[in-house]
Protein chains: 2
Amino acid sequence: MQALCAELGQTWHREIPLSAAMGIEIVRCSATELSVEAPLAPNINVHGTAFAGSLYAVAALTGWGMTWLALKAREIDASIVLAEGHIRYIKAVRGSIHCVCRFDAAAQVRPLERLTDSGRSVLVLEAVVTTDGEEAIRFEGKYAVRRR
Amino acid sequence: MQALCAELGQTWHREIPLSAAMGIEIVRCSATELSVEAPLAPNINVHGTAFAGSLYAVAALTGWGMTWLALKAREIDASIVLAEGHIRYIKAVRGSIHCVCRFDAAAQVRPLERLTDSGRSVLVLEAVVTTDGEEAIRFEGKYAVRRR
């Protein structure tokens, strides 16, 4: 798992320049949870808080990374593309961006079965940014997955 | 209007570092339409197409800028904060990101009245990215506006 986590972080920074510009770093990483952090400075907006676009991009990457980890852990080689995203901004983020996405294996049984059966599926994942222990944003992404 | 358009572009690049990192530039700008462009290179992803997070951030900025322009044109000084965003990714973007947001003045009469009456309102705007003349993404943002 440690090797996969390192590969994920390197892939982001090498192949998605915006992830490097945002300074996103992996904090905790397993087959069921991905936690990332990004500093405020490169992600600040006109209000001196985290930019809505950065919050979305961090959440979308966290969901994508979680999907990638969960599939790799199952030795499934697949392309993962975000098909739809929805985000609610609940509270302004005045410091570092902390984002967590959990892979609920029970909820993903059916979508993963569809992937095995047809080679394609859609996995819906949520990612949450918290600030001072409170929910700041909630993101839901629909990731279209296609077996290679 | 020209001065407002210049001010908008400068505000983005000066106060939102990510907008500079994405290379967003204003192409056309009026009180009813805002069109922007961003090059692919800083916004590329693992698939060699535009990163979902960049597409969202460009669309969210375009909607924010359009709201800002429409309010400035009416001499309304207000803070504008994205409260909710939804995006559908329809087609991969393999070149520059072209995004357009139109301000439908007729549809915004009621929300603007609420702003005048109570000092607060929510303006819903759509932004669209096209590629090769076809719709690539459709974004809807709910912008919470508060009179200063």
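**Two chains, helix by helix**

Trainee: Where helix 1 of chain A passes helix 3 of chain A, is the crossing left-handed or right-handed?

Mentor: Right-handed: that is how helix 1 of chain A passes helix 3 of chain A. A crossing is right-handed if the near helix is turned clockwise from the far one by less than a right angle, and left-handed if anticlockwise. Helices here are DSSP runs of H or I with at least four residues, strands are runs of E with at least two, and both are numbered from the N terminus.

Trainee: Before we go on, what sort of model is this?

Mentor: This is a predicted model, where local features need pLDDT of at least 70, side-chain atom pairs count only at pLDDT 80 or more, and totals for chains, interfaces and linings use all residues. Residues are numbered from 1 along each chain as its sequence is written, while chains are lettered from A and ligands numbered from 1 in the order in which they are written.

Trainee: Back to those helices. At what angle do the axes of helix 1 and helix 3 of chain A cross?

Mentor: Roughly 140°, and the axes come within 11 Å. Each axis is a line fitted to C-alpha atoms, for helices over the stretch in contact, and angles run from 0 to 180 degrees between N-to-C directions. The two helices of chain A are therefore oblique to each other. Angles under 35 degrees count as roughly parallel, over 145 as roughly antiparallel, 65 to 115 as roughly perpendicular, and the rest as oblique.

Trainee: Which residues meet there?

Mentor: From helix 1 of chain A, A:Leu4, A:Leu8 and A:Trp12. They meet A:Leu61, A:Gly65, A:Trp68, A:Leu69 and A:Lys72 in helix 3 of chain A. Two residues are in contact if their C-beta atoms, placed from the backbone, lie within 7 Å.

Trainee: And chain B? How do its helices 1 and 3 cross?

Mentor: Helix 1 (residues 2-15) and helix 3 (residues 52-73) of chain B have axes that come within 11 Å and cross at roughly 140°. That makes helix 1 of chain B oblique to helix 3 of chain B. Their crossing is right-handed.

Trainee: How many residues touch across the chains?

Mentor: 28 residues of chain A are in contact with 28 residues of chain B. Helix 1 (2-15), helix 2 (17-22), helix 3 (52-73) and strand 3 (78-89) of chain A each supply at least two residues to that side of chain A. Strand 3 of chain A gives the most, with eight residues.

Trainee: New topic. What is chain A built from?

Mentor: Four helices and six strands. From the N terminus on, they run α-α-β-β-α-β-β-α-β-β.

Trainee: What radius of gyration does chain A have?

Mentor: 15 Å, which agrees with the value near 15 Å for a compact globule of 148 residues. That radius is taken over C-alpha atoms, and the globule rule is 2.2 Å times the number of residues to the power 0.38. The C-alpha trace of chain A spans about 50 × 30 × 25 Å along its principal axes.

Trainee: What share of chain A counts as buried?

Mentor: 39% of its 148 residues. Buried means 20 or more other C-beta atoms within 10 Å of the residue's own, exposed means 12 or fewer, and partly exposed is in between, with C-beta atoms placed from the backbone.

Trainee: How many residues of helix 4 of chain B are buried?

Mentor: One among its 10 residues (109-118), so helix 4 of chain B is hardly covered. B:Gly119 follows that helix, with a positive phi near 85°.

Trainee: What about A:Glu75: buried or exposed?

Mentor: A:Glu75 counts as exposed, with 6 C-beta neighbours inside 10 Å. It is found in the loop between helix 3 and strand 3 of chain A. Phi of A:Glu75 is near 55°, a positive value in a residue other than glycine.

Trainee: Last one. Where is A:Ser35 found?

Mentor: In strand 2 (residues 33-38) of chain A. With 17 C-beta neighbours inside 10 Å, A:Ser35 counts as partly exposed. Leaving aside neighbours within four places in sequence, A:Ser35 is in contact with A:Val27, A:Arg28 and A:Val100.
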